[in-house]
Amino acid sequence: MKKNEFIKQLAEFCEFSKTDFSIETKLVSIDGYDSMATMSIIVFIEENLNVKLTAMQINGLSDFGSLIELIGSEKFDHD
Amino acid sequence: MIDLSGKYILITGASSGLGRAISQKAAAQGATIVLIARNETKGIETIKLLKGSNHILYTEDIANCLVIEKIIKSLIEKKIKISGFVHSAGIEKTLPLKSSTTAVFHEVFNINVFAGFEFARLLSQKNIVDHSGASFILISSVRGKLGVPFNTVYCASKSALIAGSKAIAMELASKNIRCNCVLPGITETEMIQEFFKSIPPESKENIINEHPLGLGKPEYIASLVTFLLSDDAKWITGADYIIDGGYSIH
């Protein structure tokens, strides 16, 4: 999965009102980004990338880029 | 003082958390424990913690119900009569509803529900239960009565135990077999530590703050369970007991 596709599918899974986010999008700026969204993010990443993150790890992130870095770039297809 | 001397108590999920605490308490009160555990190392560690001797360990994964019949047959061959059964084995999946597929339901229900009822079914036969009767206890959860987001599967599984235990209580009363449910709130176990890792810190803090008496310890639950196992509870059946530090009274 490419990084942009990951962001789009993650946004759809979390049912955010928009899905056209970028790597630079600040997570806290997203409408609907709350504690429920954090749990959805954990589940989506585990189901699709087989990486288990904790809520505490996600809470410390600033944007999608830092989320991708936490997951590990090697988990994504090259753009 | 609760006395379980001379009683064989079969406990699933015996090697950790509530099951371990219940095993320790029951053994301290004189019972001989038949431990059912998935992990042999943890099972052996648990036996070393138990007062008394002659405790028996079966290392089996009861997610496969076929092994339950094997365990019961083994007990019959050993001429053991069961006076108490505690289904404490259980797993928890924190997932949004959209991820709660039938496969997840099966995985959770296999252990949380089907294994418990399969033990009850086989133990209700005449030749395995003590002639004076028995006490069955299914460890449910306060989440079997409360709706908790991301917990559809777990809540459903724990609720099934509550309903099923009442039917079992009605059906087996004539055989002097009692059946009750215990519904713990959040207690400090390994499973709960894993659950807390999967939720945001503020959610964890909210949950802790919603317990007027704070989080529970496994030994608090064990005290109620051993009471229900004992002859002191001989007029209690079909009941479900919330023990949650006040969590559900909001």
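These legends describe close-up views of a predicted model.

**View 1. The open sheet of chain B has 7 strands.** The strand order is S3-S2-S1-S4-S5-S6-S7, and the pairing is parallel. Strands S3 (56-59) and S7 (240-243) of chain B stand at the edges. Each has a single partner strand, so one side of each lacks a neighbour in the sheet. From one strand to the next, the twist averages 15°.

View 2. Ala37(B) stands opposite Thr59(B) of S3(B).

**View 3. Helix H4 (residues 102-123) of chain B packs on the sheet.**

View 4. H1(B) passes H8(B) in a right-handed crossing. On the H1(B) side, the contact is made by Gly17(B), Leu18(B), Ala21(B), Ile22(B), Lys25(B) and Ala26(B). H8(B) contributes Pro218(B), Glu219(B), Ile221(B), Ala222(B), Ser223(B), Val225(B) and Thr226(B). The residues of this contact divide into 8 nonpolar, 3 polar and 2 charged.

**View 5. Cys179(B) sits in strand S6 of chain B.** Is this residue, Cys179(B), buried or exposed? Cys179(B) counts as buried, at 1% relative accessibility; the cut-off for buried is under 20%. Leaving aside residues up to four places away in sequence, Cys179(B) touches Phe136(B), Leu138(B), Ser165(B), Ile168(B), Ala169(B), Thr237(B), Gly238(B) and Ala239(B). Arg143(B) is 36 residues from Cys179(B) in sequence. In space, Cys179(B) and Arg143(B) are 20 Å apart, C-alpha to C-alpha.

**View 6. Asn54(B) has a positive phi although it is not a glycine.** The phi value is about 70°. Asn54(B) lies in the loop between helix H2 (40-49) and S3 of chain B. At 60% relative accessibility, Asn54(B) counts as exposed.

**View 7. Helices H1 and H2 of chain A pack against each other.** The angle is about 130°, with the axes 10 Å apart. H1(A) and H2(A) are therefore oblique to each other. Their crossing is right-handed. From H1(A), Phe6(A), Gln9(A), Leu10(A) and Phe13(A) take part. They meet Ser40(A), Ile41(A), Val43(A), Phe44(A), Ile45(A), Glu47(A) and Leu49(A) in H2(A). The contact residues divide into 8 nonpolar, 2 polar and 1 charged.

**View 8. Glu15(A) has a positive phi in a residue other than glycine.** Phi of Glu15(A) is near 60°. Where does Glu15(A) lie? Glu15(A) is in the loop between helix H1 (3-13) and helix H2 (35-49) of chain A. Glu15(A) is exposed, with a relative accessible area of 63%.

Note on methods
Residues numbered from 1 in each chain as written. Chains lettered and ligands numbered in written order. Predicted model: local features only at pLDDT ≥ 70, side-chain atom pairs only at ≥ 80, totals over all residues. Heavy atoms only, no water. Left-handed = near helix turned anticlockwise from the far one by under 90°. Helix = DSSP H or I, 4+ residues; strand = E, 2+ residues; numbered from the N terminus. Contact = heavy atoms within 4.5 Å. Nonpolar A, V, L, I, M, F, W, Y, C, P; charged D, E, K, R; others polar. Pairing = 2+ DSSP bridges. Axes fitted to C-alpha atoms, helices over the stretch in contact; angles between N-to-C directions. Buried < 20%, exposed > 50% of the residue type's maximum accessible area, 1.4 Å probe, protein only. Parallel < 35°, antiparallel > 145°, perpendicular 65-115°, else oblique.
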